[in-house]
Amino acid sequence: MSEDGHEQNGHEHVPSRQRRRFEGISSRAYEHPADRSALVALRKLTGFDTVFKALSGLLPERSLRLLFLSDSVRVSEQQFAHLNDMLRDACYILDLEKVPPMYVTQDPQPNAMCIGLDEPIIVVTTGLVELLDEEEMRAVVGHEVGHALSGHSVYRTILLFLTSLALKVAWIPLGNLAILAIVTALREWFRKSELSADRAGLLVGQDLRASMRGLMKIAGGNHLHEMNVNAFLKQAEEFESGGDLRDSVLKILNVLPRSHPFTTVRAAELKKWAESRDYQRIMDGHYPRRSEDKDTSVTDSFRESAASYASNVKSSKDPLMKLVSDFAGGAGDLGGRVRRGFGGFASSAPRDEPPSGTNGTEQPPSDTPPRD
């Protein structure tokens, strides 16, 4: 047995290259501020505590575990041994004492999840295993172990159950609305938690290029020779800054039903964090420990999250966020800017006079296709 306890913890297989281990690391080290603030807001949602307590005792978790045990392949030294090595390696690096069970399930859709109330279970699909190479998969396994360390699996399980329940009771107007309100809040939190888990995946893989490749493959399939990281990140910049206020509203509507942020956004967020001082401090061994979690102030965490939101709004290139930032800064003529943002209404002719040159008749449609 080595002095660092490597073999004792069940890590008989060393990583393919040297990686830093983060002994006693707290999930606060990598959690996105929006993850924490969204969870605080979720817990304050009317009725959430009641639903959470009720479902914690009613959810068929034992049935869920038996389902994966009976109809999927459990990762071990005998089955998917390379994934077993990655899982143990990820738990070793993030110092997660108990290695969660991991299953591979037959599904061509690339996906992975960490669920469970009492104890987390990691599930990856065959589509994901076949899509990613070793280093890309290592980042994904680290991503899911990050979910486990943060305790995200509990809320993820409830989200899955409530999403299914909402479909079953869609014919009950008030009941469905109540469930949808909680589902919407859970999805908002979960999208933020994915940004946290992406950071955990980077801490485990310690290879930003592999993390980027994995996200590009999830977006565009196994065609890396046809893709470019810089061009992919440029899409994220164009998505954030392009268009007008109508596009800002459409972005919000498009993301509401999703459990994950858009892939280009995840890539841009992860690259920004990898280049930050916070990431470098963690890599240098300066990070919060789990032993200090009990002394952490909820108020301070919420204040940090609020400051992060304010900073993101201020630096955002999104038209709506820029308008919000200007409003907070006391900018004038906001009404005119809103009208211009929604299609240039401010420059339109008075209602009682037809536009010049049209004789009061409707202009023929433009050849420009309508915006999606």
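Predicted model: local features only at pLDDT ≥ 70, side-chain atom pairs only at ≥ 80, totals over all residues.
If we leave aside residues up to four places away in sequence, Val124 touches Leu83, Met102, Tyr103, Val104, Thr105, Asn111, Ala112, Val129 and Met137. As general background, nonpolar side chains in soluble globular proteins tend to be buried together.

Let me step back to the whole chain for a moment. The protein chain has 372 residues, of which 42% are buried, and its secondary structure comes to 16 helices and 4 strands. If we take the contacts between residues at least 6 apart in sequence, 73% of them join residues at least 24 apart.

Now to strand 4, which covers residues 121-125 and includes Thr125. Thr125 is buried, with a relative accessible area of 6%, and, again not counting residues up to four places away in sequence, Thr125 touches Thr105, Asp107, Gln109, Pro110 and Asn111.

In the loop between strand 3, residues 112-115, and strand 4 we find Gly116, which counts as buried at 1% relative accessibility. Gly116 and Arg156 are 40 residues apart in sequence, yet their C-alpha atoms are 8.0 Å apart in space.

Next, two backbone details in loops. Asp95, in the loop between helix 4 (81-93) and strand 2 (102-105), has a phi near 60 degrees, which is a positive value in a residue other than glycine. Asp95 is buried, with a relative accessible area of 13%. Gln206, which lies in the loop between helix 8 (173-205) and helix 9 (208-220), likewise is not a glycine and has a positive phi of about 50 degrees. Gln206 is buried too, with a relative accessible area of 18%.

That brings us to helix 9 and its packing. Helix 9 and helix 12, residues 263-274, pack at an angle of about 170 degrees with their axes 9 Å apart, and helix 9 is therefore roughly antiparallel to helix 12. In this contact Leu208, Ser211, Met212, Leu215 and Ala219 of helix 9 meet Thr263, Arg266, Ala267, Leu270, Lys271 and Ala274 of helix 12. Sorted by class, the contact has 7 nonpolar, 2 polar and 2 charged residues.

Helix 6, residues 134-150, also packs with helix 9, here at an angle of about 90 degrees and with the axes 8 Å apart, so helix 6 is roughly perpendicular to helix 9. Glu135, Glu136 and Ala139 of helix 6 make this contact with Ala210, Ser211, Arg213, Gly214 and Lys217 of helix 9. By class, the contact of helix 6 with helix 9 has 2 nonpolar, 2 polar and 4 charged residues.

Finally, helix 10, residues 229-241, packs with helix 12 at an angle of about 105 degrees, with the axes 8 Å apart, and these two helices are therefore roughly perpendicular to each other. Phe232, Leu233, Gln235, Ala236 and Phe239 of helix 10 contact Thr263, Thr264, Val265, Ala267, Ala268 and Lys271 of helix 12, and the residues of this contact divide into 7 nonpolar, 3 polar and 1 charged.

Terms used: Residues numbered from 1 in each chain as written. Heavy atoms only, no water. Buried < 20%, exposed > 50% of the residue type's maximum accessible area, 1.4 Å probe, protein only. Contact = heavy atoms within 4.5 Å. Axes fitted to C-alpha atoms, helices over the stretch in contact; angles between N-to-C directions. Parallel < 35°, antiparallel > 145°, perpendicular 65-115°, else oblique. Nonpolar A, V, L, I, M, F, W, Y, C, P; charged D, E, K, R; others polar.
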